[in-house]
Amino acid sequence: MFRSEEMVLCQLFVQPEAAYVSMYELGEAGIAQFRDLNPHVNDFQRRYVTEVRRCSEMERKLRWVSGELPEPPPPPKPAPRIMSPREINILEERIDYIESEIQEITRNAQNLKTDYLSLIELKILIEKTQTFFQDHSAHRKISASVQVYNNEGVIGHLGFIAGVVATPRVPSFERMLWRISHGNIFFKQAQIDEPLKDPVTGHELQKTVFVVFFHGEQIKLRVKKVCTGFQATLYPCPATYKDQQDMLAGVETRIKDLEMVLEQTEQHRRLVLTNIARDISTWMVAVRKEKAIYHTLNMFSMDIIKKCLIAECWVPRQDLPLLQKALDDGVKASGSPIPSILHHVHTTEIPPTFNRTNKFTRGFQNLIDSYGIASYREVNPALYTIITFPFLFAVMFGDMGHGLIMTIFAATIIILEKKLAKNKTDNEIWNIFFGGRYIILLMGIFSIYTGLIYNDLFSKSLNIFGSSWRNVYDNETLRKHRRLELDPAIAYSQTPYPLGIDPAWQFAANNIIFLNSFKMKLSIIFGVLHMAFGVTLSVVNFNYFKRPYMIYLQYIPQVLFLLLLFWYLCIMMFMKWIMYSTVSDDPAYDSACAPSVLIMFINMMLLKSTEVRSSCRADMYAGQHAVQRTFLAVAFLCIPVMLLGKPLYQMYKKRNLSPTVEDGECEKATPDEGIGEIMITQAIHTIEYVLGAVSHTASYLRLWALSLAHAQLSAVLWQRLLRMGLGGGSPAMAIVLYFIFAVWAFFTLAILVLMEGLSAFLHTLRLHWVEFMSKFYEGQGYAFLPFSFAVILEHDEEDIKEKPNGSPQ
């Protein structure tokens with residue numbers, strides 16, 4: 001974790017027959033990032049394009065079959081060994097047979113469902129048309145020209161067409177029939193009450209039964225054309241009641257027979273799919289691994305003379321034995337007499353960055369990588385972030401109760417992490433919480449600690465060690481004022497509270513003034529220490545990359561500028577705390593003479609003297625003005641060193657040494673880079689650091705601001721909400737308290753834990769990315785992306801969730 005792993009560029013010479021097994025072992029290990037040695041070759045012209053296409057086709061078929069399963073398949077079984085080419089061929093044949101079988105079953109089922117839908121529509125149509133023909137009002141309306149129908153049969157020359165049409169199309173359908181016949185038709189309709197089911201999609205269909213009465217063959221042809229245009233289904237319907245009853249009985253018999261056949265077909269289909277579901281996940285994993293292997297082999301080049309595959313890959317030096325073992329296993333499995341050769345290649349190319357992590361450190365490393373991948377072998381901030389991140393978060397979130405809630409939540413996830421890791425979900429918020437469970441755990445533990453220091457538990461204080469303050473007010477004064485100021489001159493026992501803040505400040509009227517001063521000064525102290533540590537880490541980079549001159553030209557002036565100004569400010573805070581007291585024997589060091597450290601610092605920068613009362617001393621110690629002016633002069637002398645030192649040294653090295661000298665800085669400077677560009681670049685960095693030292697120090701005041709806001713919000717919730725429920729003594733107030741506590745708990749979790757926690761998290765992230773890491777971290781590297789089955793399978797699962805079933809990649 002101190003810095004990224006040392007990477008080695010390896011060249012592999014592998015026999016084609018041994019390549020498959022070797023790549024399988026490397027995919028399981030996930031230790032090699034292969035380079036494409038055929039960048040200008042089209043994907044369709046590569047050596048193993050046929051195998052890749054075959055695997056893609058098998059994957060498509062398995063994905064389609066998986067989409068036909070009634071429920072998600074079980075997880076894949078662990079593969080005991082690699083599948084041989086012969087087994088892959090057998091699997092391909094089986095997948096083809098399964099796809100054909102399921103397609104045939106599905107096609108037959110759809111045909112049967114289509115016939116079943118037609119019979120149901122015919123049955124409903126016959127039932128509805130019987131009602132139409134018995135409609136007396138219709139009888140009277142048509143019989144003006146000829147008697148149409150009675151119980152004995154049809155009398156006259158009017159014809160009719162009966163069918164079923166989609167309900168939304170009925171109004172347009174009726175208008176079109178009226179227009180093409182010039183009003184010489186009679187239209188009857190009745191909507192089917194229960195929706196029917198589409199045999200292909202399974203969606204519900206709203207349909208309507210209709211009957212069109214007309215006179216003449218010409219209108220009949222027109223009516224049929226309109227029915228065809230509106231996709232209406234026409235059915236033969238007898239004209240007499242007896243024939244209708246006979247047909248209805250026959251249709252019902254056919255429906256019962258078809259329902260039996262459909263049930264048997266569905267049972268057979270379910271049985272086939274159930275048998276497939278047991279192994280489909282295992283087959284999918286095998287096919288994806290096969291596809292990944294051949295896709296990676298396509299990045300190899302072919303030595304036609306020696307008849308071997310040539311590959312180049314980045315490998316961590318620590319994993320070189322695993323790489324050699326994978327090559328040997330491939331040779332052994334293939335029975336080839338020619339061994340695979342591993343050769344180290346010396347290169348000036350910048351290797352990828354790889355930080356080996358575990359489940360605890362992975363979350364902190366992700367925080368750093370989100371800002372930018374570390375440059376190769378530079379100091380890794382994630383190691384120190386494990387402590388500094390939860391601590392600075394807890395300074396803003398200091399509450400024992402809220403920290404305990406966060407700790408319990410994270411501890412529960414960690415205890416159940418194996419079970420929860422198996423239940424993959426698309427919920428991004430949950431995935432973030434699960435991935436950062438160890439970060440949340442440490443944030444909760446540190447918040448309990450800072451809450452103990454602040455003596456804050458849901459805005460209440462704990463009286464653990466008694467109090468160092470005594471009550472100097474009588475009962476009448478207490479009843480009158482309720483909250484009185486704590487005066488250290490008369491109420492303090494001169495014995496410090498053992499740990500944290502004295503609980504007496506909970507009842508003091510001047511507690512906010514006290515906590516403001518306390519937390520603001522702590523924020524400045526923590527901020528200067530954090531930034532000074534970041535500047536110091538740059539020394540490690542300078543030593544490792546063999547740039548010792550940067551220690552003198554950059555680190556020393558930077559750290560002097562920071563310490564002589566801002567750490568001196570922190571020292572003045574400590575001196576003020578120690579030197580001034582209400583019981584001091586020297587009146588000049590009485591608490592009333594305690595100076596404002598901020599005013600003193602401003603006067604120091606402006607070279608002004610501090611105005612004090614006649615009984616107080618202007619200086620905190622002898623020779624203060626001389627020391628401050630010396631510090632100020634040295635700090636400002638550091639600016640030209642930072643501005644000119646590095647450019648002058650680079651120009652000196654370029655004049656006296658060749659451009660290929662082993663010097664990290666000179667390697668980056670191109671021969672065409674002039675003095676103007678070098679000076680502008682360094683001026684930007686110098687201005688950024690000098691101004692940043694001021695703005696970054698002020699930025700750490702967010703620790704004070706958010707801590708105060710968090711405490712005040714918690715106090716408001718207690719005083720304005722929960723205190724109302726605790727104030728009454730009647731039995732009815734117990735019921736009211738139940739609901740008030742529920743509201744208080746909801747706002748505590750929603751606002752103080754979630755919203756305030758997220759706010760403190762983001763501010764802590766900013767303090768690390770900007771104020772801390774900008775002092776030493778370049779973040780110009782690129783990530784190590786090895787050939788790994790675990791990563792490939794995980795990405796494939798995400799793609800499946802994003803795309804519909806059966807869609808090709």
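Biologist: How much space lies in the largest cavity of this model?

Modeller: About 60 Å³ of space lies in the largest cavity, where a cavity is a set of points, on a 1 Å grid over the protein atoms alone, at which a 1.4 Å probe fits but cannot get out, and its volume is the space filled by probe spheres set on points joined across faces, edges and corners. This is a predicted model, in which local features need pLDDT of at least 70 and side-chain atom pairs count only at pLDDT 80 or more, while totals for chains, interfaces and linings use all residues. Residues are numbered from 1 along each chain as its sequence is written, and side-chain values use heavy atoms, with hydrogens and water left out.

Biologist: How many cavities of 30 Å³ or more does this rule give, and which residues line the largest cavity?

Modeller: The count comes to 5 cavities of 30 Å³ or more. The lining of the largest cavity, meaning residues with an atom within 4 Å of a point, is made of Asn603, Met604, Leu607, Lys608, His625, Gln628 and Arg629. The elements that contribute two or more residues to this lining are α19 and α20, and α20 gives the most, with 3 residues. Helices here are DSSP runs (H or I, at least four residues), numbered from the N terminus. Sorted by class, the lining of the largest cavity holds 2 nonpolar, 3 polar and 2 charged residues; in that sorting Asp, Glu, Lys and Arg count as charged, Ala, Val, Leu, Ile, Met, Phe, Trp, Tyr, Cys and Pro as nonpolar, and the others as polar.

Biologist: Are Leu598 and Phe636 exposed or partly exposed?

Modeller: Leu598, a residue of helix α19, counts as exposed at 54% relative accessibility, while Phe636 is partly exposed, its relative accessible area being 43%. The classes are buried (under 20% relative accessible area), exposed (over 50%) and partly exposed in between. From C-alpha to C-alpha, Leu598 and Met573 are 9.3 Å apart in space and 25 residues apart in sequence.

Biologist: Where does Ile740 sit, and is Ile740 buried or exposed?

Modeller: Ile740 belongs to helix α24, which spans residues 731-772, and with 12% relative accessibility Ile740 counts as buried. Between the C-alpha atoms of Ile740 and Leu323 there are 64 Å, the two residues being 417 apart along the chain.

Biologist: How many salt bridges does the structure hold, and which residue does Glu99 pair with?

Modeller: A salt bridge places a side-chain nitrogen of Lys or Arg within 4 Å of a carboxyl oxygen of Asp or Glu, and the structure holds 27 of them. Glu99 pairs with Arg60, the closest N and O atoms being 3.5 Å apart. Glu99 lies in helix α3 (residues 85-133) and Arg60 in helix α2 (residues 49-68), so this pair ties together parts that are 39 residues apart in sequence. Glu99 counts as buried at 8% relative accessibility, whereas Arg60 counts as partly exposed at 28%. Both residues also belong to a network of salt bridges that links Glu57, Arg60, Lys61, Asp96 and Glu99.

Biologist: Lastly, what phi does Phe458 have, and what phi does Ser459 have?

Modeller: Phe458 has a positive phi of about 55° although it is not a glycine, and the phi of Ser459, likewise a residue other than glycine, is near 75°. Phe458 is found in the loop between α14 (437-454) and α15 (475-481), and the place of Ser459 is in the loop between α14 and α15. With a relative accessibility of 8%, Ser459 counts as buried.

How values were computed
Buried < 20%, exposed > 50% of the residue type's maximum accessible area, 1.4 Å probe, protein only. 1 Å grid on protein atoms, 1.4 Å probe; cavity = no way out; pocket = protein on both sides within 12 Å on 5 of 7 lines; lining within 4 Å.
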